[in-house]
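Have a look at the model below and keep it open while you read. We'll walk through a few strands, some charged pairs and a couple of surface patches.

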Amino acid sequence: MAKTRKNVLVIIGGVLVLALMFFRTIVNFVTDYQWFRELGYTETFFKRLVTEFTIGIPALVIIFLVIYFYLRMIKRNYLAQSKVTLDPQKNKWMNRGLGGVSLLISLTTAISFATSLWFVWLQFANRTAFGVVDPLFNNDVGFYVFTLPFLREVVSLILGLIFTLVILTVVFYAIMMAIAPPQSDVEETDEVEYLGRRSFVDRNLSAKAKELNSKIIKAALHQVGALAFVILMLIGVNNWLRTFDLLYSATGKVYGAGYTDIHVYLWLYRALAILGIVAGISVLYGAYKRNKRIAMMGPAILVVVAIGGTIVGGLVQNLVVEPNELSREKQYLEYNIDYTRQAYNLDKVDVINYEANSDLSEDTIAANPETIENIRINDYRPVKQVYTQLQSIRLYYDFYDIDIDRYHIDGDYRQVFLSARELNQEKLDSQAQTWIGRHLKYTHGYGFVLSPVNEVTSQGQPALFVKNIPPITDTDLNVQRPEIYFGELTDQYAIINTDENEFDYSTGDANQETRYEGKAGIQLNGINKLLYAFRQGDLEILISGAVNNDSRILLRRNILERVQKLAPFILYDEDPYLVLNQDDGKIYWILDGYTTSSRYPYSQPISYESKVNYIRNSAKVVIDAYNGTTDFYIADESDPMIVTYDKIFKDLFKPISDMPKGIRSHVRYPQTMFKVQSELYRTYHMTDPTVFYTREDIWNIAEEKYMEGVQTVEPNYVMFRLPDDGAAEFLLSVPYTPKGKPNMTSLFVARNDGENYGELVLYEFPKDKSVMGPIMLESRIDQTPEISSQLTLWGQQGSSVLRGNIIVIPLDDSLLYVEPIYLQADNANSLPEMRRVIAAHGDDIVMEETLEKALLKLFGGTRTTDTEGNVVDLTGETLNELIERAQNLYDEAQKAIQVGDWSNYGRFMDSLAKTLNELSSQTE
């Protein structure tokens with residue numbers, strides 16, 4: 001009875017020790033489970049755990065039995081060879097020791113197996129066919145994405161286990177020889193009885209000992225030889241798997257298997273696979289026969305063939321392929337082109353031959369009101385400065401990012417900027433930087449600012465449709481729940497429903513307070529206080545009198561951290577964007593998720609640094625800014641990777657048809673995805689392998705002057721009508737120029753709206769026509785005296801002249817260019833002001849105060865009448881301004897003649913004559 005009680009106490013003590021050792025792991029597990037359960041993803045939470053146990057427990061049992069009985073076998077052989085007999089008690093303890101060592105090693109190895117295999121196993125077990133086969137081995141792409149990584153991982157882990165057995169063999173023999181040295185069969189009594197033969201006995205003992213040691217060492221080598229056989233067999237298997245890696249070879253001109261890869265390295269790896277098996281048999285046979293020459297022959301041949309094959313491959317590449325590279329590699333270039341276009345969805349680009357004429361008219365402008373009214377004359381960088389300075393309201397509010405979207409506002413389809421007003425706790429007053437202030441009081445941001453892209457105030461600032469705290473609007477936008485508990489700056493946990501009211505917003509000298517009314521959070525009752533105090537390393541959670549049993553803790557409020565914890569196997573965009581659901585008046589975030597792979601045959605990787613060569617924007621994640629609910633939607637059901645993930649995590653994904661209509665109407669084609677595609681399409685628009693090889697039609701993404709420097713044009717969200725479509729659409733576009741030239745060769749467009757979402761369109765311009773590119777327009781602006789002189793004058797009057805993005809708008813087989821001009825005073829607190837709009841079409845360039853005036857001057861004259869019949873000059877310039885412009889042009893002309901620049905002198909004088917004519921017309 002006493003012995004039983006003692007055993008129970010030992011077990012309880014052991015459990016307590018283990019609990020203390022792994023207390024943090026236990027706490028993290030329990031709290032993570034509660035968090036996943038709160039969000040409704042318990043099956044996803046347990047999927048990894050269940051799979052790891054499913055792999056780990058059988059692996060533990062099998063590996064333990066293999067190691068334990070392997071060591072027992074070595075012990076038995078050793079004792080037989082060394083003629084040592086262990087007493088039963090010592091033998092019993094040695095077997096227990098072997099069991100302990102085997103358990104420790106097998107436990108470590110099984111954990112390694114489980115953690116390394118769980119996800120690749122799930123992908124393999126739930127694999128989905130791509131419906132595309134590679135041209136070399138005729139395997140479905142799914143084999144390379146799902147099956148091959150699993151096979152590689154298994155081979156690698158087994159190799160690791162065998163190497164562990166080799167080390168164990170050597171160490172165990174050394175230990176056995178130390179604790180149970182071999183015994184000679186010459187009896188010690190011989191030395192006593194035949195003293196005269198002492199030297200003979202000593203020599204006999206020494207010879208016997210050497211013979212025994214030799215036998216034991218040979219037995220050990222025999223064991224190692226058997227393991228070496230298995231290792232070489234696995235190396236053979238690994239070489240067979242290496243043949244598939246040729247599909248990602250970077251040898252020569254082609255990414256993927258080229259001429260040398262197929263005619264040399266493919267056969268080399270096949271030979272090495274066979275020789276690996278032969279070498280294994282050679283080692284095993286040599287060890288059995290105790291013949292070193294036979295044992296080493298197979299591995300030596302393996303090494304020689306590997307080195308020789310590599311040398312031959314280099315010679316073939318340099319002497320056979322490179323002198324006639326195009327003809328040798330042409331077929332493989334075709335593979336590279338085709339499979340790269342498939343991997344990035346570039347094989348489905350709808351190419352439109354666009355004339356890019358110069359015949360726009362006032363009627364064309366009038367026929368496209370939705371396009372014209374959504375031309376962007378604001379840029380997000382200046383807009384962010386304005387929002388921050390005019391709408392932060394308090395120092396602790398920040399506008400982290402400016403998003404661009406489209407809304408139906410007062411019946412019109414409008415493109416807008418918007419940004420969330422988030423609370424930045426780092427900017428709180430020092431007196432508010434307490435535990436209560438950071439976690440109980442200042443818990444959320446408030447509202448957002450929204451402005452149309454095409455309207456500014458008389459001060460040149462964005463016209464705000466939604467502004468202030470609480471948010472006010474003169475539009476039909478419906479804002480019911482402006483609080484932001486989950487966002488891009490919410491990096492701290494918050495506790496709600498405490499005895500402290502939360503700060504809501506400030507009204508003058510008073511602060512409005514609130515209580516959280518949502519459903520987010522994990523209740524801090526019972527032991528949860530202790531668990532979360534330990535997890536967060538914050539004793540205040542446990543001891544604060546403000547935290548009661550109804551209080552709830554909000555964890556992972558940063559939306560990027562939130563989604564990465566839920567589904568780390570998806571690559572997320574770094575730019576979530578804000579959405580107002582006008583159906584319920586609530587604020588949401590949308591985050592784009594990508595499925596990626598580096599295993600798509602013959603597909604060019606995104607960059608030299610990245611091995612990714614397949615990408616799909618297959619997931620859209622919607623996060624409620626108030627409640628934190630996080631929903632994953634499948635945006636591309638044709639992507640086999642997201643289909644496989646959906647099979648694995650059955651409670652995680654929803655079809656995009658389940659997305660609320662008020663949110664789905666704001667789904668955008670992501671700039672990140674479009675940047676990847678547009679960068680690759682520079683080269684992979686070429687489908688002829690000869691043209692591709694010579695790179696004679698490679699494109700560049702156009703450049704533009706932006707702010708005070710020059711940059712590559714970023715993909716811009718714009719609105720215009722595609723040919724043969726009825727209404728203007730929300731689109732994403734980027735212009736291309738021929739490599740090394742400024743003229744524009746095409747315009748690449750991604751569609752965003754409705755059933756057309758995700759379609760790619762290329763406006764391809766005639767090759768026999770020089771279409772003005774953005775940097776060409778910038779040069780022409782600088783060479784237009786009436787514009788450049790005004791910009792120079794502003795730059796000399798204590799202001800910086802900042803240029804915005806050039807927007808290229810296709811309209812009825814022609815192109816319209818628009819660029820906003822900002823002025824910013826040279827002081828710390830000044831804001832950029834949109835003061836002019838440059839519009840260009842064909843050979844005509846104008847600069848006016850507003851886009852409307854610029855277009856009227858470009859297409860409909862410079863004078864019109866107002867509602868009372870008075871004549872209005874649409875240039876927007878007063879008599880004094882025209883006189884000032886004339887004086888500036890005259891001064892610039894004089895400067896040009898002083899330095900002998902007759903070309904610019906002529907241009908300035910021509911512009912001066914036009915200005916004097918305008919002045920004469922205005923004074924009539």
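## Strands side by side

Ala750 has Leu760 of strand 28 as its bridge partner. Before going further, note that this is a predicted model, in which local features need pLDDT of at least 70, side-chain atom pairs count only at pLDDT 80 or more, and totals for chains, interfaces and linings use all residues. Residues are numbered from 1 along each chain as its sequence is written, and side-chain values use heavy atoms, with hydrogens and water left out.

Helices (H or I, at least four residues) and strands (E, at least two) are DSSP runs, numbered from the N terminus. Two strands pair if DSSP finds at least two bridges between them. Strands of a sheet pair through backbone hydrogen bonds, either parallel or antiparallel.

Back to our pair: strand 27 and strand 28 (residues 760-764) run antiparallel and are joined by 5 bridges. Strand 27 also pairs with strand 26 (residues 729-738), again in the antiparallel sense, over 6 bridges.

Is strand 27 enclosed or open? Here, buried means under 20% relative accessible area, exposed means over 50%, and partly exposed is in between (1.4 Å probe, protein chains only). In strand 27 (residues 746-751), 6 of the 6 residues are buried, so this strand is largely enclosed by the rest of the structure. In a regular strand the side chains alternate between the two faces of the sheet. You can follow that here: Ser746, Phe748 and Ala750 point one way, while Leu747, Val749 and Arg751 point the other way, and all are buried.

Strand 26 has another partner to look at. It pairs with strand 25 over 5 bridges in the antiparallel sense, and Val718 stands opposite Leu731 in strand 26. Strand 25 (residues 716-720) is mostly covered too, with 5 of its 5 residues buried. On one side sit Asn716, Val718 and Phe720, and on the other Tyr717 and Met719.

Elsewhere, 3 strands make an open sheet in the order 11-15-14, with antiparallel pairing. Strand 11 (494-496) and strand 14 (522-523) are its edges, as each pairs on one side only. Strand 14 is joined to strand 15 (residues 552-554) by 2 bridges, and Ile522 stands opposite Ile553 in strand 15.

## Charged pairs

A salt bridge is a side-chain nitrogen of Lys or Arg within 4 Å of a carboxyl oxygen of Asp or Glu. How many salt bridges does this rule give? The count comes to 30. Here are three of them, with how accessible each partner is.

| Pair | N to O | Relative accessible area |
|---|---|---|
| Glu52 and Arg48 | 2.8 Å | Glu52 17%, Arg48 39% |
| Arg803 and Asp782 | 2.4 Å | Arg803 8%, Asp782 29% |
| Lys857 and Glu848 | 3.1 Å | Lys857 23%, Glu848 2% |

Salt bridges that share partners also join Asp32, Arg535, Arg556 and Lys565 into one network.

Why are Glu52 and Arg48 about one helical turn apart? Because they are 4 residues apart in helix 3. Glu52 counts as buried, whereas Arg48 is partly exposed.

## Surface patches

Patches are made of residues with over 30% relative accessible area and no salt bridge; like charges are joined within 9 Å, and nonpolar side chains (Val, Leu, Ile, Met, Phe, Trp, Tyr) within 5 Å. Areas come from the Shrake-Rupley method with a 1.4 Å probe, and for residues only the protein chains shown count as cover.

Phe53, Ile57, Val61, Leu65 and Phe69 make a nonpolar surface patch of about 490 Å². Phe53 lies in helix 3 (residues 42-82).

A patch of negative charge gathers Glu334, Asp338, Asp347, Asp688 and Glu696 on the surface. Asp347 sits in the loop between helix 10 (325-343) and strand 1 (350-353), and is partly exposed at 37% relative accessible area.

## A buried loop residue

Last stop: Phe649, in the loop between helix 18 (640-648) and strand 21 (653-655). Phe649 counts as buried, at 3% relative accessibility.

How values were computed. Lys and Arg count as positive and Asp and Glu as negative; His and the chain ends are not counted. The place of a charge is taken as NZ of Lys, CZ of Arg, CG of Asp or CD of Glu.
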